[in-house]
Amino acid sequence: MTPEHGAAGAGDPVSFVLPGPPPARETLAGWQQWRATRGSFTPAQQLDKAAWRALSPRRRMLYDLHRAATHANLPLQQTPMSQVVTRVLRGRIESNALKHKPSTRAGVMITGGGYQGKTETACEVAAGFEDAWLDLHHHLNPDALAGTRDLHAPVAYAQTPVTAKPKSTCKAILGFYGADTKNMDLPDLVRQVAASIRDHGTKALLLDDITRLRMHRADDQDVLDLIRAFMSMHLTLVLIGVDIPGSGLLREGRHDPRTGQWAFPPSRHAGAHGLEATQTERRFDLVELDRFRYDTPAQITAWTRHLAAIEQQLRLMDAVPGMLTGGAMPEYLYRRTSGVVGLLERLIEDGCREAIDTGTEYLDQALLDNVTLSLPDASSRDAAAGEIPAIPPGGGAGKRKRGRSTVFDDRGPAAGTGSGS
């Protein structure tokens with residue numbers, strides 16, 4: 001097969017350039033679409049310059065588009081920190097789903113900074129559980145009433161409203177199921193949430209951006225109280241947010257040194273709506289998805305291995321082994337990103353585009369000095385809740401002699417006991 005016909009991306013560009021809008025995971029249909037198609041992107045083949053030049057001008061253009069799509073869709077890489085989160089979350093969801101006792105299921109809180117992969121890691125774990133659960137039950141809801149065919153939704157995902165109130169939070173959850181919420185007061189909404197979770201066989205409810213709640217507001221305190229009451233629905237409640245220990249969400253809880261969990265008193269708010277069958281404590285595992293650190297040999301090795309894994313995914317024609325891991329590049333990339341995986345991904349993506357556009361076809365400090373980090377998707381995030389990280393200064397102004405930098409060392413303790421750092 002000749003390069004003209006065999007190069008990936010040399011065919012119809014629609015499959016990798018215009019795949020349509022990304023699935024909205026906040027709806028059942030969107031979640032199912034994302035779960036079914038995640039990981040299905042096919043990256044461009046690796047071509048050298050001779051094979052690239054052998055292509056026709058149109059095929060070269062399509063191949064370069066496919067390369068750009070490849071760099072914009074780098075796969076989620078496991079890190080030592082995300083492995084801890086994955087182990088805790090997967091174990092908790094699976095154990096709770098297999099319980100037949102009426103006792104309250106413990107939940108999980110996932111904390112960390114912005115752009116550190118908390119949501120993607122949690123969604124990937126939940127999607128993996130759903131794949132296995134659906135396969136185990138032949139895609140049928142084992143809890144469905146006889147004669148009914150409710151959609152089976154082992155996992156539900158919702159985002160906390162920016163200005164949350166009990167009613168808007170219930171509507172966000174019900175929006176996932178497509179339930180009608182018109183002309184409902186709060187007790188009706190709570191009952192509808194309970195009914196939707198039960199009828200769809202939901203085993204895990206993911207509530208993202210939970211630290212948008214401001215605990216000095218009475219409405220937000222009521223929301224958190226209501227959310228904790230959802231744990232009586234016999235599902236795993238997963239709360240995802242930036243700096244949960246510093247947000248005030250734990251202020252009513254106490255740390256149990258025997259279990260490593262945070263224990264909360266029974267909710268007050270939802271008792272009037274019939275959610276609480278018992279007055280037991282609500283317990284959460286608190287796990288942190290921290291950024292990379294660069295202080296010890298083990299931490300530097302972990303960072304370098306992460307860069308090596310990314311390097312293998314890049315499609316630059318003059319790239320050589322060690323492009324991101326040799327010499328001073330690991331320290332340089334750390335200084336530009338502070339070890340935040342989302343910032344690293346953005347820097348690499350924009351750097352690859354610069355390398356292709358200029359014909360450099362290689363990443364080095366000189367090229368990356370010309371790349372200004374920006375976060376074009378930040379408009380959908382709440383800066384006041386810490387969802388947008390500080391971007392370290394970059395470019396030539398940051399050049400200095402080799403040696404370990406302490407400029408971006410963490411100046412405070414990591415998240416409280418039970419963190420995954």
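Trainee: How enclosed is helix α13, residues 329-337?

Mentor: This is a predicted model. In it, 9 of the 9 residues of α13 are buried, so the helix is largely enclosed by the rest of the structure.

Trainee: Which residues of α13 are the buried ones?

Mentor: They are M329, P330, E331, Y332, L333, Y334, R335, R336 and T337.

Trainee: What covers the buried residues of α13?

Mentor: The cover includes α12 (297-311), α14 (341-358) and α15 (365-368). Look just after α13 as well: S338 takes a positive phi of about 60° there.

Trainee: Y334 has a ring. Which cluster do ring pairs link it into?

Mentor: Ring pairs link Y334 with F292, Y294 and W303.

Trainee: How do I read an aromatic pair, and how many are there in the whole structure?

Mentor: A pair of aromatic rings is described by the distance of the centres and the angle of the planes. A search of the whole structure finds 8 aromatic pairs. One of them is F176 with Y177: 5.3 Å centre to centre, 90° between the planes, edge-to-face. Both F176 and Y177 are buried.

Trainee: Why is the pair of F264 and F284 edge-to-face?

Mentor: Angles over 60 degrees count as edge-to-face. The planes of F264 and F284 stand at 90°, with the centres 5.7 Å apart, so this pair is edge-to-face.

Trainee: Which parts does that pair tie together?

Mentor: F264 lies in strand β6 (residues 261-264) and F284 in strand β7 (residues 282-288), so the pair ties together parts that are 20 residues apart in sequence.

Trainee: Are F264 and F284 buried or exposed?

Mentor: Under 20% relative accessible area means buried. F264 has 1% relative accessibility, so it counts as buried. F284 has 0%, so it counts as buried too.

Trainee: Where do the charged ends of R38 and R60 sit?

Mentor: Over rings. The charged end of R38 sits over the ring of W34, 5.9 Å from its centre. The charged end of R60 sits over the ring of W52, 5.2 Å from its centre.

Trainee: Which residues make the contact?

Mentor: From α3, they are W31, W34 and R35. From α7, they are C123, E124, A126, A127, E130, D131 and L134.

Trainee: Now the sheet. In what order do the strands come?

Mentor: The 7 strands form an open sheet, ordered β2-β3-β4-β1-β7-β6-β5, with mixed pairing. The edge strands are β2 and β5 (254-256), and each pairs on one side only. Neighbouring strands are turned by 25° against each other on average, direction ignored.

Trainee: What packs on the sheet at β2 and β3?

Mentor: Helix α8 (residues 166-177) does, touching both strands. Its direction makes about 135° with that of β2.

Trainee: How many bridges join β2 to β3?

Mentor: There are 5 bridges, and the two strands run parallel. Y157 has L206 of β3 as its bridge partner. A158 stands opposite L207 in β3.

Trainee: Why is strand β2 called largely enclosed?

Mentor: Count its buried residues. In β2 (residues 155-159), 4 of the 5 residues are buried, so the strand is largely enclosed by the rest of the structure.

Definitions and conventions: Residues are numbered from 1 along each chain as its sequence is written. This is a predicted model: local features need pLDDT of at least 70, side-chain atom pairs count only at pLDDT 80 or more; totals for chains, interfaces and linings use all residues. Side-chain values use heavy atoms; hydrogens and water are left out. Rings of Phe, Tyr and Trp (its six-membered ring) pair if their centres lie within 6.5 Å; planes under 30 degrees apart count as stacked, over 60 as edge-to-face and the rest as tilted. Buried means under 20% relative accessible area, exposed over 50%, partly exposed in between (1.4 Å probe, protein chains only). A charge sits over a ring if NZ of Lys or CZ of Arg is within 6 Å of the ring centre and within 35 degrees of the ring normal. Two strands pair if DSSP finds at least two bridges between them. Axes are lines fitted to C-alpha atoms, for helices over the stretch in contact, and angles run from 0 to 180 degrees between N-to-C directions. Contact means heavy atoms within 4.5 Å.
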